[in-house]
Amino acid sequence: MKKKLDKKIIIEVSDLSKSFNDNIILKNINFKLVEGESLAIIGASGSGKSVLLKNIIGLLKPDNGSIKINNTEMVNISRNAKEKILLELGITFQHGALFDSLKNWENIIFKIANKEKINNQQGKKLAISIIKQLGLQPNILDLYPSEISGGMQKRVAIARAICGSPKILLFDEPTSGLDPVTGSLIDELIKTAVKTIGGSAITITHDMASVCRIADKVILIDKQTISWSGTPQEMFRSKNPKIQEFVKPINPKEFFK
Ligand SMILES: Nc1ncnc2c1ncn2[C@@H]1O[C@H](COP(=O)(O)OP(=O)(O)OP(=O)(O)O)[C@@H](O)[C@H]1O
Ligand SMILES: [Mg+2]
């Protein structure tokens with residue numbers, strides 16, 4: 001019999017715990033993101049989703065546990081080695097985190113411009129090709145982040161994350177504050193990035209319609225740990241009361257045959 005080929009593990013989080021002083025936020029978190037997978041992380045506000053993401057990318061240091069990205073241990077990694085790995089990821093933060101002093105197009109091509117020399121004309125051309133998929137007009141490129149709306153800033157941050165087609169995407173609330181049409185555009189973009197370029201994505205979201213559209217797998221953070229995991233379809237059959245609360249407003253027939 002043919003042996004089933006194991007998929008490559010892109011991110012592996014093992015026994016991760018994180019507290020702030022005596023306040024335990026995360027305890028014994030274990031999960032894997034495999035190649036080609038889109039993983040959604042859900043959980044109540046304040047459950048520790050953003051803290052988990054910040055631990056994964058090394059902005060916060062876990063008290064215990066291991067985080068491997070493409071087999072490299074991120075905990076206690078040197079600053080240089082960490083920065084090299086982060087350049088290969090596409091990350092958006094919950095609160096935008098654009099560089100205020102850079103124009104929008106400079107924000108978008110920031111990572112690429114760090115790696116290779118490109119002139120203004122090439123940079124803007126690249127930025128235009130990316131923002132087109134996000135329903136943004138080229139006239140925003142020469143403005144600064146403070147001169148565009150919150151929803152536009154969110155999309156510029158997503159454009160910055162996907163510039164250079166990184167194979168690992170980490171998004172914290174990419175559709176929050178966006179209208180449903182723009183939200184769907186972002187969902188499409190995440191799906192395309194995962195399915196067509198063979199990438200892998202972790203998306204933290206409260207948007208359950210988005211979970212149904214983009215995720216292969218869902219994990220719920222509750223009471224400091226992963227209290228449920230499964231596919232989006234399995235959420236609708238789950239007896240877990242928290243999961244039931246999350247899916248209550250959603251009609252599965254809209255998403256699954
Ligand atoms: N740097 C920090 N210092 C102390 N406490 C922190 C810090 N960062 C986060 N926290 C606490 O950790 C808890 C989890 O925060 P986190 O931002 O991860 O929640 P979340 O699940 O992302 O919530 P939301 O859905 O509202 O974004 C909160 O109680 C928060 O106050
Ligand atoms: Mg958060």
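This is a predicted model: local features need pLDDT of at least 70, side-chain atom pairs count only at pLDDT 80 or more; totals for chains, interfaces and linings use all residues.

Q: How do β7 and β8 run, and over how many bridges?
A: They run parallel, joined by 5 bridges. Two strands pair if DSSP finds at least two bridges between them; strands (E, at least two residues) and helices (H or I, at least four) are DSSP runs numbered from the N terminus.

Q: And what about β6 and β7?
A: Parallel too, over 4 bridges. There T92 stands opposite F171 in β7.

Q: Is β7 buried or exposed?
A: 5 of the 5 residues of β7 are buried, so the strand is largely enclosed by the rest of the structure. Buried means under 20% relative accessible area, exposed over 50% and partly exposed in between, with a 1.4 Å probe and protein chains only.

Q: Which way do the β7 residues point?
A: I168, L170 and D172 go one way, L169 and F171 the other. In a regular strand, side chains alternate between the two faces of the sheet.

Q: What's the strand order of the whole sheet?
A: It is an open sheet of 6 strands, β6-β7-β8-β3-β9-β10, with mixed pairing. β6 (89-92) and β10 (225-230) are at the edges with a single partner strand each, so one side of each has no neighbour in the sheet. From one strand to the next, the twist averages 15 degrees.

Q: Which helix packs on it?
A: Helix α7 (residues 180-196) does, touching β3, β7 and β8, and its direction makes about 155 degrees with that of β8. Contact means heavy atoms within 4.5 Å; axes are lines fitted to C-alpha atoms, for helices over the stretch in contact, and angles run from 0 to 180 degrees between N-to-C directions.

Q: Switching topic: what is the order of the 4-strand sheet?
A: That open sheet runs β2-β1-β4-β5 with antiparallel pairing. Its β1 (residues 9-20) and β2 (residues 23-34) share 8 bridges, and in their hairpin N21 takes a positive phi near 55 degrees.

Q: What does α1 do there?
A: Helix α1 packs on that sheet, touching β1, β2 and β4, with its direction at about 120 degrees to that of β1. It is mostly covered, with 7 of its 8 residues buried, among them V51, L52 and L53.

Q: Last one: how big is the largest pocket, by volume?
A: About 430 Å³. On a 1 Å grid over the protein atoms alone, a cavity is a set of points where a 1.4 Å probe fits but cannot get out, and a pocket is an open set with protein on both sides within 12 Å along at least five of seven lines; lining residues have an atom within 4 Å of a point. Grid points are joined across faces, edges and corners, and the volume is the space filled by probe spheres set on the points.

Q: Which residues lie nearest its centre?
A: L86, I91, F93, F110 and K111, out of 16 lining residues. The elements giving two or more residues to that lining are α2 (79-86), β6, α4 (110-115) and α6 (150-162).

How values were computed: Residues are numbered from 1 along each chain as its sequence is written. Chains are lettered from A and ligands numbered from 1 in the order in which they are written. Side-chain values use heavy atoms; hydrogens and water are left out.
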